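Visitor: Hi, could you walk me through this one? I'd like to start with the sheet and then go to the ligand.

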Amino acid sequence: MSKSPIDGARGLTTRLRTAKGRTTASQRWLERQLNDPYVRAARAAGWRSRAAFKIIELDEKYHFFKPGARVVDLGAAPGGWTQYAVKKAGEQSKIVALDLLPIEPINGAIILEGDFEDEAVEKAVLDALSGQADIVMSDMAPNTTGHNATDHLRIIGLVELALDFACKVLAPGGTFVAKVFQGGTEKTLLDRLKRDFAVVRHAKPPSSRKDSAEMYVVATGFRG
Ligand SMILES: C[S@@+](CC[C@H](N)C(=O)[O-])C[C@H]1O[C@@H](n2cnc3c(N)ncnc32)[C@H](O)[C@@H]1O
């Protein structure tokens, strides 16, 4: 992958002076945020989330964003991936972003709020797109329950749902990008991806935390 946006960043460590009123978990989260060079780099560059670097790094490696690309961004809040989509595809293209959570407006993107597992919400995304897409990307991650088997099934369920949707709307040659966990995609999902796309790759972008099981599947060349 290309030169990292954090190359050369100074490694200053911030320790919080007082943990008064904070739980240990929130204290740890806050310290990690304060000391994370990607968080700082995102803030400096105007990205709404450090997650923006993940799609940037994936695109720099596989070159799937083109000017004018029509994009659906699932699980888009707070909007880093959507900002990148607008920047690369242009404000005149069609970019539809959806999340369970509200997203502050982004010029050039249609923002929707709702649960993608709800058929009416999927229909709203289809209506907003009103045609085919060149890229369907999903950074959706369910809240974990702590029960590994349940969490795994929920994650796979969301990826399958995103893939079903991608197969409905992608134009031939289109790209599907999705967050997957633990060693990539399930065998059945992988077989399906290989059948429907010319090239299927897995990648862990450098900005994805090493201690997270998260990785991404990038499937290009939708066969239609
Ligand atoms: C890692 S965050 C996305 C970060 C985003 N890519 C960015 O660049 O700012 C994952 C998002 O998935 C959303 N999500 C999880 N399940 C969802 C669902 N069923 N429908 C819509 N959004 C969902 C969460 O609300 C959360 O905001």
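Visitor: How many bridges join strand β1 to strand β2, and do they run parallel or antiparallel?
Guide: Four bridges join β1 (residues 71–74) to β2 (residues 95–99), and the two strands run parallel. Strands here are DSSP runs of E, at least two residues, and helices are runs of H or I, at least four residues, numbered from the N terminus. Two strands pair if DSSP finds at least two bridges between them. One example is aspartate 73, whose bridge partner in β2 is alanine 97.

Visitor: Before we go on, what sort of model is this?
Guide: This is a predicted model, where local features need pLDDT of at least 70 and side-chain atom pairs count only at pLDDT 80 or more, while totals for chains, interfaces and linings use all residues. Residues are numbered from 1 along each chain as its sequence is written, and side-chain values use heavy atoms, with hydrogens and water left out.

Visitor: OK, back to the sheet. What's the strand order?
Guide: The order is β3-β2-β1-β4-β5-β7-β6, an open sheet of seven strands with mixed pairing. β3 (110–113) and β6 (197–203) stand at the edges with a single partner strand each, so one side of each has no neighbour in the sheet. On average, neighbouring strands are turned by 15° against each other, direction ignored.

Visitor: Which strands does helix α4 lie across?
Guide: Helix α4 (residues 80–89) lies across β1, β2, β4 (133–138), β5 (170–181) and β7 (214–222), and runs at about 180° to β2. Those angles run from 0 to 180 degrees between N-to-C directions, using lines fitted to C-alpha atoms, for helices over the stretch in contact. Contact means heavy atoms within 4.5 Å.

Visitor: And α6, what angle does that helix make with β5?
Guide: About 175°, with α6 (residues 148–169) lying across β1, β4, β5, β6 and β7.

Visitor: Which atom type of the ligand does aspartate 115 reach with a polar side-chain atom?
Guide: A nitrogen atom, at 2.8 Å. Backbone N or O atoms also come in: one of glycine 79 is 3.1 Å from a ligand oxygen, and one of proline 78 is 3.3 Å from a ligand oxygen. Polar contacts of this kind are pairs of N or O atoms within 3.5 Å. Taken alone the ligand exposes 600 Å², and the protein buries 87% of that. The areas come from the Shrake-Rupley method with a 1.4 Å probe.

Visitor: Where does proline 78 lie?
Guide: Proline 78 is in the loop between β1 and α4. The peptide bond leading from alanine 77 to proline 78 is cis, with omega near 0°.

Visitor: Is histidine 63 buried or exposed?
Guide: Exposed, at 53% relative accessibility. Serine 130 is exposed too, at 54%. Exposed means over 50% relative accessible area, buried under 20%, and partly exposed in between, with a 1.4 Å probe and protein chains only.

Conventions: Polar contact = N/O pair within 3.5 Å; in protein donor to acceptor, adjacent residues only side chain to side chain.
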